[in-house]
Amino acid sequence: MQIITDVKEMREIVEGIKQSGQSIGFVPTMGYLHFGHLALITAARKQNNMVAASIFVNPAQFGPEEDFERYPRDVEADSIKAKSAGVDLLFCPKIEDIYGAGYATYVETEGLSEQLCGKSRPGHFRGVCTVVLKLFNIVQPKRAYFGQKDAQQFIILKRMTLDLNLDIEMICLPIVREADGLAMSSRNIYLTEQERRKATVLNCSLNEAKQLYDAGERNAQALLEVVEKKLLKVKEGRLDYAELVDLTHLLPITKIDKPALLALAMYFGQTRLIDNVILQ
Ligand code: AMP
């Protein structure tokens, strides 16, 4: 596995790979890798000649009061994990090479970016779209891999690739969870022991809604009431949102008559966790 920090060097390597007719599968991350990330790498390994992963804690997607500075970083441990999962190229660009002096260009998917997490994280998806487009331009993948954990992010990035005529196959893989059901996240490390225990309520409430859905409940309000009742009981948490939305526009629905996204965001202390399930 090669570790590349220089954009120009990455471009040269990519050019060589493309000239030899090989495909690149790409997994963009912010590092502090866990099994959720590694599942994406494993999938990319199976479907492509070469696998590139990036580690870049993207300042443009953090709000001024958010955790950019303290976001966990451990490139050494990440390199070992990435290598054993099958990464060929680990791209870790420097901030100044991505956002140079005078940087002024941003990508925005209108509408979608303002729903769900966009309401409490204004500008977040503009930062995500901008960096992912830049990484796509450098890495030039045939396929790119994302997790359903960030379902809104995937829907927005898929919209972006479609709207900007990018010839990249966008692949979304299931949420990888801890043994007790908590969705794996680099941010779980922030949780105190008690918060960590209580955070399983996210997955539990989604499971309860899913069971009701499977038993025939199609009324969004009824499903949300069950979820909210469970979440609001947890004193250690503060609910940001629980919403049932359609998968195209991410707008609230009242009745489920096609696949829908039940998405949650909840604070435990300073830590904001998200989770979701697709009801179909
Ligand atoms: P991040 O490093 O948090 O920006 O995540 C990088 C990629 O890994 C994104 O596509 C995430 O959706 C995905 N990812 C993060 N956590 C999980 C998880 N628990 N299961 C599956 N994919 C995940």
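Modeller: Let's begin with Cys 117, whose sulfur has its closest cysteine sulfur in Cys 129, 13 Å away, which is too far for a bond. A disulfide here is a pair of cysteine sulfur atoms within 2.5 Å, and the structure holds 0 of them. Before going on, please note that this is a predicted model: local features need pLDDT of at least 70, side-chain atom pairs count only at pLDDT 80 or more, and totals for chains, interfaces and linings use all residues. Residues are numbered from 1 along each chain as its sequence is written, and side-chain values use heavy atoms, with hydrogens and water left out.

Cys 117 is buried at 7% relative accessibility, while Cys 204, at 35%, is partly exposed. Those words have cut-offs: buried is under 20% relative accessible area, exposed is over 50%, and partly exposed is in between (1.4 Å probe, protein chains only).

Now look at Leu 116, which sits in the loop between H4 and helix H5 (117-120). The labels come from DSSP runs numbered from the N terminus, with helices (H or I) of at least four residues and strands (E) of at least two. Leu 116 has a positive phi near 40° without being a glycine, and it is buried at 2% relative accessibility. Asn 165 is another non-glycine residue with a positive phi, of about 55°. Its loop runs between helix H7 (151-163) and strand E6 (169-173), and at 68% relative accessibility Asn 165 counts as exposed.

Val 7, Met 10, Ile 13, Val 14 and Ile 17 are the buried residues of H1. Viewed down the axis, they fall within an arc of 125°, so they line one face of the helix; the arc is that of the directions from the helix axis to the C-beta atoms. Lys 8 and Gln 19 are exposed on the other side. The cover over the buried residues of H1 includes strand E1 (2-4), E2, strand E3 (50-55), strand E4 (89-91), helix H4 (95-98) and H6.

The structure holds 7 aromatic pairs. Rings of Phe, Tyr and Trp (its six-membered ring) pair if their centres lie within 6.5 Å; planes under 30 degrees apart are stacked, over 60 edge-to-face, and the rest tilted. In one of the pairs, Phe 26 and Phe 136 have ring centres 6.2 Å apart and planes at 70°, so they meet edge-to-face. Because Phe 26 belongs to strand E2 (residues 24-29) and Phe 136 to helix H6 (residues 124-139), this pair ties together parts 110 residues apart in sequence. Phe 26 is buried at 0% relative accessibility, and Phe 136 is buried at 3%. Tyr 99 and Tyr 103 make an edge-to-face pair too, since their centres are 5.0 Å apart and their planes are at 85°. Tyr 99 is buried at 14%, whereas Tyr 103 is partly exposed at 25%.

Ring pairs join Phe 56, Tyr 99, Tyr 103 and Tyr 106 into a cluster. Over the ring of Tyr 106 sits the charged end of Arg 126, 3.9 Å from the ring centre. For a charge to count as over a ring, NZ of Lys or CZ of Arg must be within 6 Å of the ring centre and within 35 degrees of the ring normal. Elsewhere, Arg 70 lies over the face of Tyr 190, 4.0 Å from the centre of that ring.

Technical notes:
Contact means heavy atoms within 4.5 Å.
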